[in-house]
Amino acid sequence: MSKQYLTTHTVDNAHSTDIFSLAATPTGLLSAGGSSTIYIHSTTQPNFPLLQSLTGAHKLGSHHIAVSRDGKIAASVGFAGEVKVWKLAESGTGDWEAFGALDTGRGTGAGEVWAVALSEDGQFLASTTHDGRINVWDLLGDRSASIRQYETGTASSDSFGLCVDLSRDGKYTVSGHQSGGVFVFNNDTGRLQYSLSGLVRPVRAVAFSPAGTRLAAAGDAGIISIYDTKHGEHIGQLTGHTSWIMSIDWSDTGEYLLTGAFDGKAKVWSIERGVCVATHSETDKPLWAVKWLPKTGRNETFCTAGENGSITFYREATGA
């Protein structure tokens, strides 16, 4: 049985250039792109109005943004390699304010930061680098040195870490690479838990399920591979995309996976049945980012963004 999702609203020209990354809080959506400004739109009002603009956040634009599950801490990465940290103002206004930056230039030998992910409470940040290292930082501690640094092989262009995620319990870090490699590290022991090989290079998106029992990885093969998190056993794959998969995101319950592809198609997949249950293509331009919004009512909502600079919101049809 398919699921129906209705196009609720499109914020046309939300950015003047490509939107590369989205991050959802319980009340808002943060978006980062080729312009120097990060934008925050309301997700609790019908037309998703603009709430705030973080002007000049990244001079050359930003390619990744992440937010803690509690919606209080965010981190963004600029094309100049800088990582900025943001926090929700304690005044209760709902505004975001600068909360310093990572000092990535001293002591890590890590190369420029690319992808980032935040822990549930925003204390820990995982980051990938151009040379294949994975770092975990304590944002409430010394930001000049990572508390964990993981090696994924020799530094080369193939080692480039394109994507990263942290499990909700903070136990595992996963990274996906230009080489097609996927590495899962145990943050408690500081050791490699296992690596996954055989994926078509590159791997552009990795994500743990909300319960942390499943791991999804996808990229230029157009296939989503599903693994058992604890042992790394391959337990399924989802096929149906005919283009590179650029972004993936699990629904709050872990029942569905959302994917966005280079050909502009967004798909919703049933994990239990292993099939696509909905496809949307509002544009034929690449979708760089897709994101479920935190579920606040009966119906699920997700959004997509990409090269056309707009953000489109979809809501599950009533009774679906």
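Start with the salt bridges: a search of the whole structure finds 11 of them, each a side-chain nitrogen of Lys or Arg within 4 Å of a carboxyl oxygen of Asp or Glu. This is a predicted model, where local features need pLDDT of at least 70, side-chain atom pairs count only at pLDDT 80 or more, and totals for chains, interfaces and linings use all residues. Residues are numbered from 1 along each chain as its sequence is written, and side-chain values use heavy atoms, leaving out hydrogens and water.

Select Arg69 and Glu120 next. Their side chains meet in a salt bridge, 3.7 Å from N to O. Arg69 and Glu120 are 51 residues apart in the chain. Arg69 has 40% relative accessibility and counts as partly exposed, the class between buried (under 20% relative accessible area) and exposed (over 50%), using a 1.4 Å probe and protein chains only.

Move on to Arg133 and Asp131, another salt bridge, at 3.1 Å from N to O. Is Asp131 buried or exposed? At 18% relative accessibility, Asp131 counts as buried.

Finally, show Leu22, Asp165, Ile248, Asp249 and Lys291. Of the 47 residues lining the largest pocket, these lie nearest its centre. A pocket here is an open set of points on a 1 Å grid over the protein atoms alone, where a 1.4 Å probe fits, with protein on both sides within 12 Å along at least five of seven lines; lining residues have an atom within 4 Å of a point.

Key: Helices (H or I, at least four residues) and strands (E, at least two) are DSSP runs, numbered from the N terminus.
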